[in-house]
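Please look at the sequence and structure below before reading on.

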Amino acid sequence: MRLLADLHTHTLASGHAYSTATELSVAARRVGLELIAITDHGPACPGAPEQWYFWNLKVLPSIIDGVRILKGCEANPADSASGIDLPDTILEQLDFVAVGFHPETGFDQRDRARNTEALLRVMANPNVDMITHPGNDHEFPLELATVVDEAAARGVILELNDHTFAPTSCRASSNHREREFAEAAMAAGAPIAVNSDAHFANQVGHCEAALAVAEEIGLAEERIVNRTAESVLAHLLARRARPRLDHGGVWETGAGGVA
Ligand SMILES: [Zn+2]
Ligand SMILES: [Zn+2]
């Protein structure tokens, strides 16, 4: 199984990642990817950028070094009008909105019911496309069936996160739960993506551990959203209109691209 898109990458703007958007794109091209989503951490994460960083992502080219760039975020659940740590006025301008739980963002109590309730609010926001690393049961426990059923009903992608299976990951101790989420998502018909969660350019597109899990559980390639750039864009545009993808993001032209 070979995936040509990676929907979860971080630039040094995240505060604890170490490559630029251009470096991520060059690395993506080298490993044969057609598309990456740049998903820096939302403002609630320590060291993450403020709202203005996400608002001004429109200045990034839609293609860098021949790779289609989705300008996105990995936001955090929050007690706000949008249910997230970015307002809807910004979210609706992004190409791709991922949301996940992270330390020191207000959910460190390991309260399964509260976390699940917060995530249901997140998924009720039509701007939200993907939930990252849902199997982080050690730090942010969730009611699996409730989350998976809601994701299936709303067409929200559940991620099978490669970094979760790295021995150095803070999520490694509960990575069996990431597998259980993928199995349940598969059974329930929820969209699934397999992503690197790269925090350095050499990790972009490397999802070997997660793909091994996908094969073990019998996850068919056609069930994975990020097979190709085309499969990603078809999924996203079927969910809601995207100003950048519809108008500024005509990637065949290469307009605005950096050679
Ligand atoms: Zn994350
Ligand atoms: Zn991440």
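## Helices α4 and α5

Helices α4 and α5 are roughly parallel to each other, a term for angles under 35 degrees. Helix α4 spans residues 112–124 and helix α5 residues 144–154; they pack at an angle of about 5°, with axes 10 Å apart. Axes are lines fitted to C-alpha atoms, for helices over the stretch in contact, and angles run from 0 to 180 degrees between N-to-C directions. Helices (H or I, at least four residues) and strands (E, at least two) are DSSP runs, numbered from the N terminus.

On the α4 side the contact involves T116, L119, L120 and M123, and on the α5 side T146, V147, E150, A151 and R154. Contact requires C-beta atoms, placed from the backbone, within 7 Å. Five of these residues are nonpolar, two polar and two charged (Ala, Val, Leu, Ile, Met, Phe, Trp, Tyr, Cys and Pro count as nonpolar, Asp, Glu, Lys and Arg as charged, and the others, Gly among them, as polar).

## Model and numbering

The model is predicted: local features need pLDDT of at least 70, side-chain atom pairs count only at pLDDT 80 or more, and totals for chains, interfaces and linings use all residues. Residues are numbered from 1 along each chain as its sequence is written, while chains are lettered from A and ligands numbered from 1 in the order in which they are written.

## Strands β7 and β8

Strand β7 (residues 157–161) pairs with β8 in the parallel sense over four bridges; pairing needs at least two DSSP bridges. L158 stands opposite I192 in β8. From β7 the chain passes through helix α6 (residues 175–188) to β8 in a right-handed β-α-β crossover, meaning that the path over the helix runs clockwise from the first strand to the second when the strands point away from the viewer.

In β8 (residues 192–195), I192 and V194 point one way, A193 and N195 the other, and all are buried. Buried means 20 or more other C-beta atoms within 10 Å of the residue's own, with C-beta atoms placed from the backbone.

## Single residues

H133 is not a glycine, yet has a positive phi of about 25°. H133 sits in the loop between β6 (130–131) and α5, and is buried, with 29 other C-beta atoms within 10 Å. D197, also not a glycine, has a positive phi near 60°. D197 is in the loop between β8 and α7 (208–216) and is buried, with 27 such atoms within 10 Å.

F96 belongs to strand β5 (residues 96–99) and is buried, with 26 other C-beta atoms within 10 Å. Beyond its neighbours within four places in sequence, F96 contacts L7, A37, T39, L70, G72, D129 and L236.

Notes:
Angles under 35 degrees count as roughly parallel, over 145 as roughly antiparallel, 65 to 115 as roughly perpendicular and the rest as oblique. Two residues are in contact if their C-beta atoms, placed from the backbone, lie within 7 Å. A residue is buried if 20 or more other C-beta atoms lie within 10 Å of its own, exposed if 12 or fewer, and partly exposed in between; C-beta atoms are placed from the backbone.
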